[in-house]
Amino acid sequence: MTDSSPRTVRELGEFALIARMNGGRSQGPGVVLGPGDDAAIVAAPAGRYVVSTDMLVQDRHFRLDWSAPEDIGRKAIAQNAADVVAMGAAPSAFVVSLGCPADTPVEFVDRFVDGLWREAHRAGGSIAGGDVVRSPLLVISVTAFGDPPDRAVLRSGARPGDIVAVAGRLGRSAAGLAVLAAGVDPEKFPEIVAAHRVPQPPYGTVLDMPAAAAITAMVDVSDGLLADLGHIAESSGVALDVESRALDDPALHPVAELLGADPRTWILTGGEDHAFAATFRAGQELPGGWVPVGRAAAGSGVTVDGRPWTGPVGWESFAEGG
């Protein structure tokens with residue numbers, strides 16, 4: 001007997017694909033009305049919400065020969081959830097649009113959606129709706145909504161004397177990308193490659209901070225630590241200096257040795273780790289999970305060990321070769 005179930009999204013059709021993507025899913029409290037109407041209804045218990053949007057494009061932000069469909073789904077949610085959390089807000093809902101070729105296997109979409117939901121749940125939210133469209137390659141757009149605290153954490157609150165701190169791993173995504181690009185067996189460094197395929201933003205480290213935590217500014221490290229700290233420095237009108245030894249990650253050393261690379265470069269300028277960098281008022285104990293890595297002072301710009309960093313500081317979408 002021949003299996004006649006649809007193999008591609010062309011065979012399945014748009015509306016059946018949408019129904020399949022939404023079937024059997026339960027919405028969280030952040031979504032009042034999910035898929036099935038002309039638009040979703042997202043709760044705003046504080047009378048307002050934090051919103052952010054981002055895109056992933058095949059062969060620019062992910063490669064199908066390097067990442068599983070679940071990985072791509074998780075990455076799409078993680079990079080958007082991290083932006084919301086960087087404002088001090090708890091993710092509540094996500095709207096996802098998918099562009100894909102007509103010959104995309106239905107199984108691929110099933111696994112991709114599983115990844116979306118898995119990371120949405122890890123972040124504390126759910127998928128409220130979205131759209132699908134035919135496209136020559138895979139394009140994913142995610143809009144994330146979050147419940148803000150009484151006072152959102154902005155990039156502009158750092159002051160001279162504040163402590164610069166980091167939550168999460170830095171440099172591992174860039175190192176994992178380097179491993180894949182060099183053709184090294186991913187199983188040689190599974191943890192490092194996994195960090196590139198699926199970033200692990202430490203949502204709880206931010207959201208579980210006590211209300212009294214004296215956090216003054218924060219940013220999601222998506223483009224590289226130095227580049228993203230630069231946003232805080234510019235918005236706050238301060239100078240930030242980081243100590244490279246405080247950021248060292250021994251797990252990167254064997255990868256760097258094999259590839260002839262400097263692990264500091266990955267840590268300071270590598271993107272897509274989606275860790276968090278923040279400033280805290282001096283004289284208070286940092287909340288759990290935060291590691292002090294530097295200081296804010298009067299002035300401008302970002303330095304490393306008291307000196308300017310030479311070379312690129314991070315990812316820039318329209319840079320030559322980027």
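Student: Is Val-32 buried or exposed?
Tutor: In this predicted model, Val-32 is exposed, with a relative accessible area of 56%. Val-32 sits in strand E1, residues 31-33.

Student: Which residues form a nonpolar patch with Val-32?
Tutor: Leu-33 and Ile-41 do, and together with Val-32 they have about 250 Å² of accessible area on the surface.

Student: Salt bridges next. How many does the structure hold?
Tutor: There are 12. One of them joins Glu-119 and Arg-122, with the closest N and O atoms 3.0 Å apart.

Student: Where are those two in helix H4 relative to each other?
Tutor: They are three residues apart, so about one helical turn separates them. Glu-119 is buried at 0% relative accessibility, whereas Arg-122 is partly exposed at 35%.

Student: Which residues are linked in a network with Arg-122?
Tutor: Arg-74 and Glu-119, through salt bridges.

Student: What about Asp-249, which residue does it pair with?
Tutor: Asp-249 forms a salt bridge with Arg-172, at 2.7 Å between the closest N and O atoms. Asp-249 is in the loop between strand E9 and helix H9 while Arg-172 is in helix H5, so the pair ties together parts 77 residues apart in sequence. Both Asp-249 and Arg-172 are buried.

Student: Back to helices. How do H2 and H4 cross?
Tutor: Their axes come within 10 Å and cross at roughly 40°. The crossing of H2 and H4 is right-handed.

Student: Which residues of H2 meet H4?
Tutor: Leu-17, Arg-20 and Met-21. On the H4 side, the residues they meet include Val-113 and Trp-117.

Conventions
Residues are numbered from 1 along each chain as its sequence is written. This is a predicted model: local features need pLDDT of at least 70, side-chain atom pairs count only at pLDDT 80 or more; totals for chains, interfaces and linings use all residues. Side-chain values use heavy atoms; hydrogens and water are left out. Patches are made of residues with over 30% relative accessible area and no salt bridge: like charges are joined within 9 Å, nonpolar side chains (Val, Leu, Ile, Met, Phe, Trp, Tyr) within 5 Å. Accessible areas come from the Shrake-Rupley method with a 1.4 Å probe; for residues, only the protein chains shown count as cover. A salt bridge is a side-chain nitrogen of Lys or Arg within 4 Å of a carboxyl oxygen of Asp or Glu. Helices (H or I, at least four residues) and strands (E, at least two) are DSSP runs, numbered from the N terminus. Buried means under 20% relative accessible area, exposed over 50%, partly exposed in between (1.4 Å probe, protein chains only). Axes are lines fitted to C-alpha atoms, for helices over the stretch in contact, and angles run from 0 to 180 degrees between N-to-C directions. A crossing is left-handed if the near helix is turned anticlockwise from the far one by less than a right angle, and right-handed if clockwise. Contact means heavy atoms within 4.5 Å.
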